[in-house]
Amino acid sequence: MRGCSGSIGCLALLALVLVGLDEVLDSPLRVLLAVVGLFGLWLAWTSGAAMARRSARPKLTARPDVLQPGQTVTVGYDSSVPTHIRLICRESTRRPAGNGREVTDTHDWVVEDVAGARQGELEMTIPTDAMHSFATRHHEILWVVEAQAENGPRGTRGPAGRVELTVLPVPYTP
Amino acid sequence: MSDEPTLQLLGGRVDEASGVPSYEPGATLPAVVRLDADRRHTYRGVVAVARWRAEGSGAVDSGVGQTVRVTSNRVEPGPSIELPFDYPLPAYPWTYAGELLTISWELEITLDAALLGDRSTSQPFVLAPAAQDGPRVGPATAKRGVAE
């Protein structure tokens with residue numbers, strides 16, 4: 001992606017340089033090249049910014065990601081800035097909002113919250129009386145580990161990474 | 001009026017929050033259907049099915065467990081009768097009462113009355129494992145409704 005972004009930027013600059021060479025180009029072609037060059041610069045800028053955002057997003061892993069209540073998940077994290085890592089049970093419901101649209105309401109139960117993490121591993125435990133994962137057309141109970149960078153630009157919340165867990169219902173043993 | 005069946009759920013443990021009987025997911029729910037002596041119609045059989053409903057801020061999702069035939073014999077007018085049966089409970093979804101959504105269960109029995117129209121009745125129950133020792137957070141749990 002980085003190479004692609006750089007290539008686009010180089011081609012865009014080349015197009016703009018050619019625009020400046022009077023002896024090479026007639027005016028209709030110069031206009032076209034100018035448009036292509038400006039578009040290329042915009043593309044290079046936006047893809048570079050997206051890449052920068054992605055690289056700033058905390059990286060998360062979870063082992064295992066399928067578990068039962070009472071079991072522990074090992075969360076690996078890697079972030080360039082201090083990060084909040086949360087184990088969340090997220091309820092969500094979808095409801096009609098007219099004109100064929102649907103609105104999703106969510107509520108987070110934050111089970112564990114670890115602040116200031118950068119790199120390493122930690123263990124998080126699904127409570128023994130936790131609800132299992134559940135999903136239907138309009139309703140969902142989702143278990144997720146989220147990492148949120150603490151310092152976004154201009155006081156906003158920073159980029160977030162997340163990994164979903166599947167919490168299975170405990171099988172009955174008489 | 002007297003043709004209305006009654007359904008009693010047996011065993012289990014009483015759920016403290018709702019007061020209804022609670023059963024382990026995947027276990028057996030013992031129950032009994034009672035029919036009064038002065039019933040007037042003949043029924044072709046009695047079936048039982050557990051139903052769950054997920055309700056939130058508008059829409060409802062639902063599902064059913066196994067359909068169990070309580071009796072395949074014709075139920076004629078006559079003395080009062082009791083029809084005990086065991087219902088095999090599904091493993092999930094567990095009963096849940098959260099902030100935005102609830103999942104509830106009921107056991108429904110139906111008298112198959114052919115052209116007369118079926119008669120049915122139901123009883124709510126909780127499908128959830130018994131509390132265990134260990135870390136708890138309350139809200140994200142099957143015990144539910146606990147403040148954040």
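Mentor: Happy to! Let's start with A:Thr83, which is buried because 29 other C-beta atoms lie within 10 Å, where 20 or more are enough to count as buried. Please keep in mind throughout that this is a predicted model.

A:Thr83 belongs to strand β3 of chain A, which covers residues 72-96. Leaving aside residues up to four places away in sequence, the residues that A:Thr83 touches are A:Pro58, A:Tyr77, A:Ala117, A:Arg118, A:Ala147, A:Gln148, A:Ala149 and A:Glu150.

Now to chain B. Its secondary structure consists of 10 strands and 0 helices, so to speak a run of β-β-β-β-β-β-β-β-β-β when you follow the sequence. Chain B has 148 residues, and 30% of them count as buried.

One sheet to look for in chain B is an open one of 3 strands, ordered β1-β4-β7 and paired antiparallel. Its edges are β1 (6-9) and β7 (81-88), each of which pairs on one side only. From one strand to the next, the twist averages 25 degrees. As a reminder, strands of a sheet pair through backbone hydrogen bonds, either parallel or antiparallel. In chain B, β4 (residues 28-35) and β7 are joined in the antiparallel sense over 8 bridges. You can find this pairing on screen at B:Thr28, which stands opposite B:Pro88 of β7(B).

Another pairing in chain B worth a visit involves β5 (residues 45-55) and β6(B), which run antiparallel and are joined by 9 bridges. Here B:Ala54 has B:Asp61 of β6(B) as its bridge partner. The two strands form a hairpin with 4 residues between them, and B:Gly58 in the turn has a positive phi of about 155 degrees.

Strand β6 of chain B (residues 60-71) lies largely in the open, because 1 of its 12 residues is buried. A:Thr83, on the other hand, is buried, with 29 other C-beta atoms within 10 Å.

Conventions. Residues are numbered from 1 along each chain as its sequence is written. Chains are lettered from A and ligands numbered from 1 in the order in which they are written. This is a predicted model: local features need pLDDT of at least 70, side-chain atom pairs count only at pLDDT 80 or more; totals for chains, interfaces and linings use all residues. Two strands pair if DSSP finds at least two bridges between them. Axes are lines fitted to C-alpha atoms, for helices over the stretch in contact, and angles run from 0 to 180 degrees between N-to-C directions. Two residues are in contact if their C-beta atoms, placed from the backbone, lie within 7 Å.
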